[in-house]
Amino acid sequence: MAQPLISIEHVSKVYRRDSLQIPVLDDIDLRIDKGEFVALMGPSGSGKTTLLNLCAGIDVPTRGRINIEGRDISSMKENDLARWRADHIGFIFQLYNLVPVLTAMENVELPLLLTKLSRKERHEHVRAALSIVGLADRMDHYPRQLSGGQEQRVAIARAIVADPLILVADEPTGDLDARSAEEILDLLNRLNKEFHKTIVMVTHDPRAAARAHRLLHLDKGVLSAETHAAAERGRESARP
Amino acid sequence: MKYFRYVWKNVFRKKGRAFLTMASIVLVLILIVILTSLLSAMEGTTGTGKGASHIVVQHATGLANFMPLAYRQRIEQIPGVVAVAPEVWFGGIYKDERPENFFGQLSTDPEVWGRIHDDFRLPEDQEKTWREQRDSFIAGKQLLEKYGWKIGDRIQLRGTYIPITLDLVLRGVYAGPDESNIFFHNKYLENARTFFSDKTGIFFLRTQTPEQVSAVCDGINRMFENSDAPVKAMPEKQFQLQFMEMMGNIKLLVRSIALTVLFTVVLIVANSVAMSARERVTQIAVIRALGFRRGQVLALVLSEAMVLAVLGGLFGIAIGVPVVKGLVSVMSHTPVAPFAYNVKITAANMLNAFGAAVAIGVLAGFVPAIRSARVSIVDGLRQVV
């Protein structure tokens, strides 16, 4: 059996707020293979985003281990983890989280500032990323000059510009109209199929979940169900 | 350098706030340039320049008491002394009592004046005429320009604490570092007054080298310490500073003002940078998620404060220099004119002011930068997601 890209073993997460202990994830076991497109669904407070954050290395588990490409990221030191994130993870947020004072090009360039690429090389990479998302002609536009869908596409360009293995998306269509949401999902599909990006996506939207290879349900911090070939069923149920 | 664009754009994210914060730094830096120039004039060493060999001797109890003229011969005997001139501050009224008509009026010995005032230039023929005519006087070039005097003009000075009126003819114009005084004959004053004609207000002298100043001062002080009229000899610059210090410990006051305004502007800039950083908690969490390390976030936020402070500092210095020059020009028409001539913008002053700007940046940016670097990625993202 091939080694999974992401291996989550007995992971629990407890948040501490003053004297309170809030358990969020309880003994999660999960394997995600390279090139998979996985959707995480569940009610609010079920631990979807926490699980996503753990996979992305922006949070650490209270117990258990997370191996990515065979490397235990749960025991990494903070600075090593930051470097690892820069190399391996692309982030897509619900509210895009672009820097408002930077142009599309400058926003996409941000992750490349951490590399040793020259200015010229960085700009070549940025152009390529913006071309993939169909916004090569909007490079000098500021976020306020773009529509929501365009902003999310710039955010996706920022996520892929450093060519990471894994894209983590936290409700990437949650703030978009139906048409823009479809465009973004098409783009994610393309990144998964053509560019072989492994995608882990949190969503409430069944149509978004339908694009995934696997659908994981979380409830009260526990993986409650796993659905394969959800795409077809999701499409069926999404039709009016 | 590749981060500069990011820093620059974040600094001017809210232009109004950035410009107001920078304006506060500019104003403070102008003040710092002025205050450091004043301080360096007060603290200026006497070891350089032609006036560095000048010594002023006054009565140990203060300028209100006069010293015997006979001291002159004894001071002249001290090794290293080039020449000694007894001088009296006349303090008379020219035209009226308005401050703009006030200038220094000193009686002196024209025979040795040129040898002592090696930092002044007086044409030889004018100096000769001045020596020969007891009712003549010489004036600084600046005073001529101010009052429109010409050689041969007559002026009257109505005495205040010396109750006589002097009627003087202008016979010479000198140029030098302090052109705000007139000098006239000791003998004319002695003839005109009927009391303490064997006394003088100060002795003004020059040593051969600036290095001898300290030893000569000590020698003079020791020579008269057990006499009826003990004296206090000091370098000329220290003598000038006395007038400033009559108003209290000016240096301490100036330093206190400088530190207070610096501290105030540090708080203003810190508040501005902190506000800016607080508004961008999510942005900071995002760049940390992208892979920026805590140290890099700290450096970015600190750089924002530095950009504000350094820009404000450069503008402040650029404006402060002409302001100080204007101030010197105004002061040169007042009783503190001799001090004003020592107020100069030096490279060291500008460097000090720039150092203050850098310090403002570091101090103001440090706390917000540390706070930003400590932002938890998860908490920062949760603010909007």
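Is B:R374 buried or exposed, going by its C-beta neighbours inside 10 Å? Hold that thought while I say what we're looking at. This is a predicted model, so to speak about local features we need pLDDT of at least 70, side-chain atom pairs count only at pLDDT 80 or more, and totals for chains, interfaces and linings use all residues. Residues are numbered from 1 along each chain as its sequence is written, and chains are lettered from A and ligands numbered from 1 in the order in which they are written.

Okay, back to the question. B:R374 has 11 C-beta neighbours inside 10 Å, so it counts as exposed. The rule is that a residue is buried if 20 or more other C-beta atoms lie within 10 Å of its own, exposed if 12 or fewer, and partly exposed in between, with C-beta atoms placed from the backbone. You'll find B:R374 in the loop between α14 (347–373) and α15 (377–382) of chain B. Those helix names come from DSSP runs: helices are H or I with at least four residues, strands are E with at least two, and both are numbered from the N terminus. From B:R374 to B:D96 is 69 Å, C-alpha to C-alpha, and 278 residues in sequence.

Now look at B:S372, which sits in helix α14 of chain B. This one is buried, because 28 other C-beta atoms lie within 10 Å. What does B:S372 contact, leaving aside its neighbours within four places in sequence? The list is B:A277, B:I284, B:V297, B:L298 and B:V301. Contact here means that the C-beta atoms of two residues, placed from the backbone, lie within 7 Å. There's also B:A274, 98 residues away along the chain from B:S372, with 8.8 Å between their C-alpha atoms.

Zooming out on chain B, we have domain 1 (4–45 + 248–382) and domain 2 (66–228), with bounds from an automatic or database domain assignment. Their C-alpha centres are 46 Å apart.

Chain B also has helix α12 (residues 294–331), with 38 residues. From first C-alpha to last, α12 reaches 52 Å, close to the 56 Å expected at 1.5 Å a residue; that expected span is 1.5 Å times one less than the number of residues. Where does α12(B) bend? At B:G320, by about 25 degrees, and the proline B:P322 follows within four residues. The bend is the angle between axes fitted to the seven residues ending there and the seven starting there.

On to chain A, with eight helices and 10 strands. Its radius of gyration, taken over C-alpha atoms, is 18 Å, close to the 18 Å from the globule rule (2.2 Å times the number of residues to the power 0.38) for 240 residues, so chain A is as compact as a globular protein of that length. Of those 240 residues, 49% count as buried.

One to click on is A:H196, in the loop between α6 (178–193) and β8 (198–202) of chain A. A:H196 isn't a glycine, yet its phi is positive, about 55 degrees. A:H196 counts as exposed, with 10 C-beta neighbours inside 10 Å.

Last, how do the chains meet? In all, 22 residues of chain A are in contact with 19 residues of chain B. Helix α2 (residues 78–88) of chain A gives the most to chain A's side, with five residues.
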